[in-house]
Amino acid sequence: MTKKNENINFQIKLYGLNKYFIDLVKLIEIGRLPKVLMLTGKKGQGKFTLTHHLLSYFFDKKHYDLKQSIILENNKIFLNIKENTNPNIIYYKCADKSVKIEDIRKLRTNLQKSSMNNLNRFIIFDDVEGLNENCVNALLKTIEEPSETNYFLLINNKNNTILNTLKSRSIEVLFFLSIEQKIDIIQNLLKDFNIEQIIDLNKSTLTPGNYLRYNQIL
């Protein structure tokens, strides 16, 4: 189940990562969600999708179907997680070293100000392994400043070696999908996106996200 328009193409329903998701929801419910959470695993496993669902639940439980892991259309976070239109969610895409140290310094300044309506604020670093050493060191200074409202979600796709200093400041969740889980997720996504299967599922070692990309190219 997906939502599509000219700018958005994401999964309304979460597949295959439900156990990870429910464990994090339980931490939210008891007020123990880590301030710095690193989601580590191969690119295309669904870590960003899980992040989208987690924040959709966090900010608008009324419009999230927890039983079926579905973001409902009236959810406050429905379309804007990557577009920085929600003042309580700040998103950075770190691939190709696109995030500079000036961006981290500006973030640090902004985080010293109160969040909108004093609500919790989430800062997402996607492809965090793409940050250079100077950016990581600046981010560490930001992370280490005490805050009641700021949470950092670091998505580590393992494309580059990540500094141990950043790992040591994070609670790391390692993602693993069995062959059966990957096939099940891919089959659901092919159906939802209405994509013809070209690559043999039983011979592919691709993660679900990468499978869809290469399958569409072929």
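Strand S6 (residues 89-93) pairs with strand S7 in the parallel sense, over five bridges. The model described here is predicted. Strand S7 covers residues 121-126, and six of its six residues are buried.

- Within S8, Tyr151 is the bridge partner of Phe122.
- Between S7 and S8 the chain passes through helix H4 (residues 133-143). This β-α-β crossover is right-handed.

**Nonpolar cores**

- The largest nonpolar core has 44 residues. Phe21, Leu50, Leu55 and Ile124 have the most contacts inside it.
- What does Phe21 touch, not counting residues up to four places away in sequence? Its contacts are Leu14, Leu50, His53, Leu54, Tyr57, Tyr64, Leu66 and Ser69.

**Salt bridges**

- Side chains of opposite charge can pair when their charged atoms come close.
- The structure holds eight salt bridges.
- One of them joins the side chains of Asp23 and Lys19, at 3.2 Å from N to O. Both residues lie in helix H1 (residues 18-29). They are four residues apart, about one turn of the helix.
- Asp23 counts as partly exposed because its relative accessibility is 35%. Lys19 has a relative accessible area of 63%, so Lys19 is exposed.
- Asp126 forms a salt bridge with Lys93, and their closest N and O atoms are 3.7 Å apart. This pair links distant parts of the chain. Asp126 is in strand S7 and Lys93 is in strand S6, 33 residues apart.
- Is Asp126 buried or exposed? Asp126 is buried, with a relative accessible area of 4%. Lys93 is partly exposed, at 34%.
- Lys93 also meets Asp127 in a salt bridge, at 2.3 Å from N to O. Here too the pair links distant parts of the chain. Asp127 is in the loop between S7 and H4, while Lys93 is in strand S6, 34 residues apart.
- Asp127 is buried, with a relative accessible area of 3%.
- Which residues are linked in a network of salt bridges? They are Lys43, Lys93, Asp126 and Asp127.

**Aromatic rings**

- A pair of aromatic rings is described by the distance of the centres and the angle of the planes.
- A search of the whole structure finds nine aromatic pairs.
- In one of these, the rings of Phe58 and Phe59 have their centres 5.3 Å apart. Their planes stand at 70°, so the pair is edge-to-face.
- Phe59 has 16% relative accessibility, so Phe59 counts as buried.
- Phe59 also pairs with Phe122, with ring centres 5.7 Å apart. Why is this pair edge-to-face? The planes are at 80°, and the cut-off for edge-to-face is over 60 degrees.
- Phe59 lies in helix H2 (residues 47-59) and Phe122 in strand S7. The pair therefore ties together parts that are 63 residues apart in sequence.
- Phe59 and Phe122 are both buried.
- One aromatic cluster is formed by Phe58, Phe59, Phe122 and Tyr151.

**Asn157, a loop residue**

- Where does Asn157 lie? Asn157 is in the loop between S8 and helix H5 (164-168).
- Asn157 is buried, with a relative accessible area of 5%. The cut-off for buried is under 20%.
- Leaving aside neighbours within four places in sequence, Asn157 is in contact with Gly41, Lys42, Lys43, Lys47, Asp126, Asp127 and Glu129.
- Among these contacts, Lys43, Asp126 and Asp127 also belong to the salt-bridge network with Lys93.

Key
Residues numbered from 1 in each chain as written. Heavy atoms only, no water. Core = buried A, V, L, I, M, F, W, Y, C linked by side-chain atoms within 4.5 Å. Buried < 20%, exposed > 50% of the residue type's maximum accessible area, 1.4 Å probe, protein only. Contact = heavy atoms within 4.5 Å. Helix = DSSP H or I, 4+ residues; strand = E, 2+ residues; numbered from the N terminus. Pairing = 2+ DSSP bridges. Right-handed = clockwise from strand over helix to strand, strands pointing away. Salt bridge = Lys/Arg side-chain N within 4 Å of Asp/Glu carboxyl O. Phe/Tyr/Trp six-rings, centres within 6.5 Å; stacked < 30°, edge-to-face > 60°.
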